[in-house]
Amino acid sequence: MSLPYIFIEDLEVKYGNKVVLEDIFLKVEKGEIVSIVGPNGGGKTTLLKVILGLKDYSKGTIKVLGKNPKEVDKKEIGYLPQREETAKNFPISVFETVLMGRYPKIGLFRKPGEKDKEIALESLKLVKMDHLKDENINKLSGGQRQRVFIARALAMEPKILILDEPSTGLDIVAQEDFYKILVEIRNKKEMSIIMVSHDIGVVSTFVDKIACLNKTIHYHGKSGTPIPKDVLEKVFGSNIQILVHDPHCKGCHRGEHD
Ligand SMILES: Nc1ncnc2c1ncn2[C@@H]1O[C@H](COP(=O)(O)OP(=O)(O)OP(=O)(O)O)[C@@H](O)[C@H]1O
């Protein structure tokens with residue numbers, strides 16, 4: 001059997017003397033979509049940084065594509081950070097933005113060729129934004145822009161896609177569309193997707209595994225199975241209310257709820 005794309009065992013991470021992650025065990029297989037949920041300050045971004053090789057760990061084992069994270073070829077991992085801003089009024093089109101995703105492959109000083117343009121267009125099609133390819137990136141809505149940034153990451157043809165709160169600011173319909181696109185991308189490209197999310201109700205319908213992170217991972221299971229109440233209380237506190245999302249509810253789609 002092949003190695004999981006991400007393998008983490010007994011991981012501990014500190015900032016100075018402060019332990020922010022401990023006893024972390026997590027496996028992400030090829031083609032799996034995993035969501036990390038948890039309260040502010042729970043360590044989600046820190047975990048992503050360790051996976052990306054941007055932050056050291058103090059104990060345990062972590063292998064990304066079978067290697068120490070710092071040794072992984074950066075072209076193998078597409079990363080979309082929490083907030084991605086484009087310079088206001090910078091005249092760059094959607095297509096040019098996605099084409100920038102090819103530069104790690106072709107080098108900064110080479111002109112993209114026909115194959116690069118083909119891949120950029122295919123990436124835009126995957127996120128269903130090809131009809132806006134000539135539009136200025138700053139004229140798009142937040143959700144549309146987010147999809148373009150995903151296309152830019154896809155243009156690098158990575159094996160793993162890492163997204164930090166990709167659905168922030170999207171309404172529930174846009175969130176669902178967004179997650180459906182991620183599932184399609186996974187199905188077509190067989191890449192692993194690991195993302196931080198706050199919308200636990202919606203995300204659980206689309207992902208393969210949810211990891212609740214508050215210093216350590218409290219639950220780690222298949223989506224569709226309800227997360228036990230005691231686990232939710234440990235992670236979010238006792239006031240948490242999880243709205244179980246019914247994807248067939250037509251009222252949700254028409255915005256008929258409060
Ligand atoms: N550069 C840093 N130096 C020191 N402590 C840090 C640093 N970055 C994060 N921390 C601390 O590490 C802990 C985890 O932070 P992290 O940003 O990983 O949490 P998070 O779950 O991503 O939070 P949020 O949901 O608010 O984005 C917090 O206690 C935070 O204060």
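Two residues are in contact if their C-beta atoms, placed from the backbone, lie within 7 Å. The model is predicted.

Q: Among contacts between residues at least 6 apart in sequence, what share joins residues at least 24 apart?
A: The share is 69%. The protein has nine helices and nine strands. Buried residues make up 35% of its 258 residues.

Q: Why is Gly142 called exposed?
A: Gly142 has 12 other C-beta atoms within 10 Å. The label exposed applies at 12 or fewer. Gly142 therefore counts as exposed, with its 12 other C-beta atoms. Its place is in helix α5 (residues 142–154).

Q: Which residues does Gly142 contact, leaving aside its neighbours within four places in sequence?
A: Gly142 is in contact with Gly169 and Leu170. Ala174 lies 32 residues from Gly142 in sequence, and the two C-alpha atoms are 10.0 Å apart in space.

Q: What makes strand β6 (residues 160–164) mostly covered?
A: Five of its five residues are buried. Buried requires 20 or more other C-beta atoms within 10 Å. Both faces of β6 are covered. Ile160, Ile162 and Asp164 lie on one side, Leu161 and Leu163 on the other.

Q: How do you know that β6 pairs with β5 and with β7?
A: Pairing needs at least two bridges. Strand β5 (residues 77–80) is joined to β6 by four bridges. Between β6 and strand β7 (residues 192–196) there are five. Tyr79 has Ile162 in β6 as its bridge partner. Ile160 stands opposite Ser192 in β7.

Q: What makes β1 and β2 a pair, and in which sense do they run?
A: Seven bridges link strand β1 (residues 6–15) and strand β2 (residues 18–28), in the antiparallel sense. The rule asks for at least two bridges, so the pair qualifies. Phe7 stands opposite Lys27 in β2, and Ile8 faces Leu26 in β2. The two strands form a hairpin with two residues between them. Gly16, in the turn, has a positive phi of about 60 degrees.

Q: Why are β2 and β4 called edge strands?
A: Three strands form an open sheet in the order β2-β1-β4, with antiparallel pairing. β2 and β4 (59–64) each pair on one side only. Neighbouring strands of this sheet are turned by 30 degrees against each other on average, direction ignored. Helix α1 lies across β1, β2 and β4, at about 65 degrees to β2.

Q: Which residues are around the ligand, and which helix gives the largest share of the shell?
A: Around the ligand are Tyr15, Val20, Gly38, Asn40, Gly41, Gly42, Gly43, Lys44, Thr45 and Thr46. Helix α1 (residues 44–51) gives the largest share, three residues. By class, the shell holds two nonpolar, seven polar and one charged. Gly counts as polar in this division.

Q: Which domains does the assignment give, and how many residues does each bring to their contact?
A: The domain assignment gives domain 1 (1–65 + 159–173 + 180–257) and domain 2 (86–156). The contact takes eight residues from domain 1 and nine from domain 2. On the side of domain 1 that touches domain 2, the largest share, four residues, comes from helix α6 (residues 172–189). That side has five nonpolar, one polar and two charged residues.

Technical notes:
Residues are numbered from 1 along each chain as its sequence is written. This is a predicted model: local features need pLDDT of at least 70, side-chain atom pairs count only at pLDDT 80 or more; totals for chains, interfaces and linings use all residues. A residue is near a molecule or strand if its C-beta atom, placed from the backbone, lies within 6 Å of it. Axes are lines fitted to C-alpha atoms, for helices over the stretch in contact, and angles run from 0 to 180 degrees between N-to-C directions. Domain bounds come from an automatic or database domain assignment.
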